[in-house]
Every structure is written in C-alpha cells, then in structure tokens.
Amino acid sequence: MISLIRKRGSEIDMQMPNLQKAKIRNKETVRILTDAYKVEESLKTIGRNLTYFIKTYGCQMNEHDSENIKAILEEMSFTEIDDMEKADLILLNTCAIRENAHNKVFGMIGRIKHLKEEKPHVIAGICGCMAQEESVVEDIKKKYKHIDIVFGTHNIHGLPSLLEKVIEEKERQIEVYSKEGDVIENIPVKRDSKYKAWINIMYGCDKFCTYCIVPYTRGKQRSRQHSFIIEEVKDLVKQGYKEVTLLGQNVNAYGKDLEGEYRMENLLEEVAGTGIERVRFVTSHPWDFTDAMIDTIAAHANIMPYIHLPLQAGSNTVLKRMGRRYTKEDYLTLFHKLKERIPNAAITTDIIVGFPGETKEDFEETLEVVRTCKFDGAFTFLFSPREGTPAAKMADDIPLDEKNQRLYALNEYINQYSNEANQKYLGKVVPVLLENVSEKDKTMLSGYSDTMKLVNVKAPIDALGEIINVKITDVKTWSMDGEMTNN
Ligand code: 5AD
Ligand code: SF4
C-alpha cells in the first residue's frame with residue numbers, strides 16, 4: 001500500500017487566492033477546452049484500495065462540482081464511502097456565502113484533526129468557494145497544518161496531479177487560481193441521481209451585488225457553448241434521464257458574454273426540443289428576465305412552471321445599496337407578468353434581513369411585497385458581512401436582537417403563505433417524478449411535482465424514476481401526501 005504520511009514541514013504553495021485579483025474583469029475571450037482534463041495512465045490506479053468521503057456544503061453548483069470530483073477520484077480508482085471516519089481521503093467542498101457556512105466547515109476541520117491524530121495516513125482536502133478566500137487559505141496554511149490539499153473552484157480539473165504530489169511526493173498542495181480560466185468541457189461526472197441531472201450552463205457572475213462573495217469566488221461570467229449543453233442533454237435523454245436543471249448564478253444572462261444573439265430563451269427552446277420530460281433552471285436574477293424567456297417557458301409543457309426569483313429586499317433604498325439594479329416596482333411588474341402568462345407557476349424567492357442601514361420602514365416595505373406576492377416559499381437570511389465585498393464596509397448599526405425579530409416576523413408570513421399555496425393543491429392531481437424510497441416504509445416513495453412540491457405517495461418500487469399522476473390527499477408545511485391516480 002502507498003504510504004500517505006506527509007513529510008514533516010514539507011509544503012509547496014503553488015498558488016494562493018487573491019480577492020482583489022478575483023474582482024478584475026477582463027475582455028479576454030474565454031477558451032473552450034475539450035482536452036484540459038486528463039489522468040495520466042500511472043495515476044489511474046493510485047487510489048486502488050483507498051476510499052474517499054466528500055462532504056458538500058452550499059448550492060447546487062457545489063453539488064454538481066462534487067459530482068465531477070467524484071468521477072475524477074473514481075477514474076483514479078478511489079472508492080466512495082459514506083462514513084468519514086473510515087475514509088482514506090476526506091474532501092470538504094465548501095460554501096462561502098454566509099458566516100455560518102464558514103463555521104460549519106471549521107468545525108469539521110477540527111474533527112478531521114482528531115481523526116488524523118489516530119490515523120495519520122488520512123489525506124484531508126478543502127475545495128469550493130472557501131478555498132477561494134485569502135483569509136481562509138492563510139488560516140489553513142498557518143493554523144491547520146493537517147489539511148494536505150486546498151484547491152479552488154477553477155482548479156477541479158487539476159485534482160489528479162495535486163493528489164499525485166501529495167501521495168507520492170508527500171508535499172502539501174495549495175492551488176487556487178484567483179482569475180477564472182477557461183471553460184473545460186471534458187471533466188467527467190458521476191451523477192447522484194439516475195433520473196435527474198444538473199447541467200452547468202454558465203460559470204461565475206458579473207452582477208456584483210454588494211453583499212455577495214460569489215463574483216469573487218466563482219469569477220467572471222462564462223457561458224458554455226450551447227452545442228455542448230445540448231449534446232449533454234441528448235446524452236442524458238438516451239440514458240433515460242427524465243429531468244435536467246440548467247444551473248448558473250444568473251441563468252437569465254446566459255449567452256450575453258458570447259458572440260451572437262443566442263440567449264436563454266433560445267437555449268430553453270432547444271433543450272425543451274430534445275424531448276427531455278422536464279426542464280428546470282436556477283437561479284434567475286429579475287434584471288435579465290425577458291419577455292421572450294417568459295413566452296418560451298409558457299409555450300413548452302416540458303419547461304416546469306417553477307421560478308426561483310430572488311427579491312432580496314422590498315425597499316428601493318436598500319435594493320440600491322445592494323446593487324440589485326431593479327426597484328420594488330420592477331420586481332412586482334415582473335412577478336405579475338409571470339403569474340399572468342404562466343398561471344400555474346409557483347414562485348419562490350430569497351430575502352436578506354438586516355442589510356446595513358435597513359430601517360424599520362425599509363423592512364416594512366419588504367413585508368409589504370411579501371404580502372402582495374404570497375410566495376410559494378422563500379429562503380430567508382440574516383445579512384452576513386463577507387470580507388472583500390462593499391457591503392462588509394457599510395455601517396451596520398442594527399442590533400442583532402432587532403435583526404432576529406425581523407427575521408422571525410418575516411418567516412411567520414413566509415410560512416403562512418407557503419402553507420396557503422400548498423393548501424390549493426388539496427384534491428388536485430399533480431405529476432410527480434418519483435426519486436426516493438422512504439427509509440421507514442419501503443412502500444412509500446417521494447419526489448417533486450412540476451411546481452417543485454415534495455410529494456409522498458404509496459407506489460410500487462419499480463415506479464422509481466417514473467413521472468406519475470398523484471392526487472393530493474393531505475398537505476403539510478413542507479410536503480404533501482397523495483395517492484396514485486390514472487386521471
Ligand atoms: N448575507 C446574507 N445572505 C446572503 N446571500 C448572498 N450573500 C449573502 C450575505 N452576504 C443570500 C442571497 C442569495 C442567496 C443564495 O444567499 O439571498 O440569493
Ligand atoms: Fe451574488 Fe448577485 Fe451574482 Fe446572485 S446575482 S450570485 S446575489 S452577485
């Protein structure tokens with residue numbers, strides 16, 4: 001067996017992150033590389049008899065990155081296990097969006113330290129958005145010497161050579177490019193589901209909302225060429241997949257960074273045309289949501305009537321300080337247009353409470369928008385200052401108690417409307433893609449409806465992976481129960 005123990009004190013710093021550099025946007029054309037990822041023959045067996053464990057934090061982008069990382073590790077003969085304590089290689093794919101995401105990861109890093117005291121051969125790595133933050137990597141370098149590998153969101157394809165150096169040369173590896181590079185088209189993927197698939201349609205974000213770290217950790221907007229996306233969808237259809245979710249930080253802006261006029265509505269149209277049974281997309285920024293996109297969604301039965309449309313705040317002064325580029329009135333106009341043209345659409349949102357300088361009146365305006373829109377659901381957050389972003393430097397004079405009270409009051413409304421929205425489904429028939437078996441009762445399957453409601457239903461196990469009609473018989477706060485029907 002290969003010895004994994006690192007030479008004491010040996011360390012190579014290949015590349016450290018830099019938030020200032022990450023902010024710079026240049027006009028260089030992004031290269032599309034179809035052969036940048038490769039595993040040397042000699043590395044294909046390096047993980048033989050070794051197991052890996054990956055813990056993923058944060059958004060669907062990270063989930064999908066982990067699917068890529070898993071496939072890379074398996075090409076190197078590592079085997080996945082779901083028990084961290086037993087793994088030879090532990091990777092934490094991290095999220096930087098809020099402070100509590102950070103804290104969770106540092107808690108895990110502490111646990112791994114204890115584990116490595118007992119099992120020094122274990123390799124531990126940090127990747128994802130936190131790996132793109134200077135202060136985090138500095139901390140890891142100085143204080144958490146038991147972490148052997150740090151690699152960033154732009155360095156996933158380089159994992160084989162990083163692992164080789166850690167395993168064979170026993171040197172600590174830190175490789176984080178601050179400047180996003182190219183779009184790499186040949187990274188393999190091991191999908192978590194056999195029925196639904198994530199597909200990146202773009203990377204990065206150019207919006208620079210003042211609170212958000214994403215444009216720094218994920219780099220400038222780079223759309224994938226539509227031909228590669230369509231090929232991927234067609235291949236999934238052939239494999240029997242029922243659903244694809246087109247992923248991006250700001251999917252509505254798809255194509256704006258490419259030559260030509262091909263935009264999100266064209267992509268949606270073409271993806272729908274492949275015959276895949278369900279098309280979803282996240283996340284939409286209200287700014288880029290065009291009428292043409294709305295028409296396309298309305299015109300295709302296989303584009304799901306579910307839209308996640310982050311509001312963030314309902315006060316125009318706060319929206320302006322957030323750099324959101326729309327007003328409350330713009331948001332409401334778009335919201336009503338969506339409801340009018342796609343009448344059965346479920347719309348969910350994200351809201352930040354306690355943004356610096358948010359007054360009681362500002363907050364009341366947010367509640368007013370919530371009362372008007374009666375969202376199907378919402379993710380609500382306390383503002384969390386992120387180092388390097390403009391909002392982190394704004395005077396934040398709202399006491400924590402007050403922020404918590406506002407969050408509580410907001411959540412009361414959100415839960416009430418979510419429940420009301422769900423109640424409307426009682427007695428109705430909805431299509432559900434069955435994807436899970438209940439742990440407790442193997443005759444109960446669950447899945448999501450077209451409008452993204454979680455539905456439990458008694459069904460034979462071989463119905464897994466099928467889209468079936470379910471009549472809703474009971475509505476709970478976070479899910480619904482129903483029975484199979486032929487109607
Ligand atoms: N503090 C609180 N919430 C944030 N989000 C993004 N950045 C922050 C921050 N600094 C929220 C936004 C976004 C969601 C993914 O996370 O609401 O839409
Ligand atoms: Fe962050 Fe704004 Fe980009 Fe969304 S649109 S990822 S909130 S900067």
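A residue is called buried when its relative accessible area is under 20%, exposed when over 50%, and partly exposed in between (1.4 Å probe, protein chains only). By this criterion Cys209 is buried, because its relative accessibility is 9%. Cys95 is also buried, because its value is 12%. The model is predicted: local features need pLDDT of at least 70, side-chain atom pairs count only at pLDDT 80 or more, and totals for chains, interfaces and linings use all residues. Residues are numbered from 1 along each chain as its sequence is written, chains are lettered from A and ligands numbered from 1 in the order in which they are written, and side-chain values use heavy atoms, without hydrogens and water.

A disulfide was taken as a pair of cysteine sulfur atoms within 2.5 Å. The whole structure was searched, and 0 disulfides were found. Cys95 is in none; its nearest cysteine sulfur belongs to Cys129, 6.3 Å away.

Cys209 also belongs to the shell of ligand 2, where a residue is near if one of its heavy atoms lies within 4 Å. Cys205, Cys212, His285 and Arg324 are among the other residues of this shell. The shell comprises 7 nonpolar, 2 polar and 2 charged residues. Here Ala, Val, Leu, Ile, Met, Phe, Trp, Tyr, Cys and Pro count as nonpolar, Asp, Glu, Lys and Arg as charged, and the others, Gly among them, as polar.

Tyr211 lines ligand 2 and also ligand 1. Polar contacts were defined as pairs of N or O atoms within 3.5 Å. A backbone N or O atom of Tyr211 is 3.0 Å from a nitrogen of ligand 1. A polar backbone atom of Ser384 lies 2.7 Å from a ligand 1 nitrogen. Gln312 uses its side chain: a polar atom there is 2.6 Å from an oxygen of the ligand.

Helices (H or I, at least four residues) and strands (E, at least two) are DSSP runs, numbered from the N terminus. Helix H5 spans residues 159-169, and its buried residues are Leu159, Pro160, Leu162, Leu163, Val166 and Ile167. They fall within an arc of 165° about the axis of H5, so they line one face; the arc is that of the directions from the axis to the C-beta atoms. Lys170 follows H5 with a positive phi, near 55°.

Strands pair if DSSP finds at least two bridges between them. S18 (residues 429-437) runs antiparallel to S21 (residues 467-475), with 5 bridges. Pro431 stands opposite Asn469 of S21. S18 is also antiparallel to S19 (residues 444-449), again through 5 bridges. Val437 has Leu445 as its bridge partner in S19. S18 and S19 form a hairpin, with 6 residues between them.

Note on methods
Polar contact = N/O pair within 3.5 Å; in protein donor to acceptor, adjacent residues only side chain to side chain.
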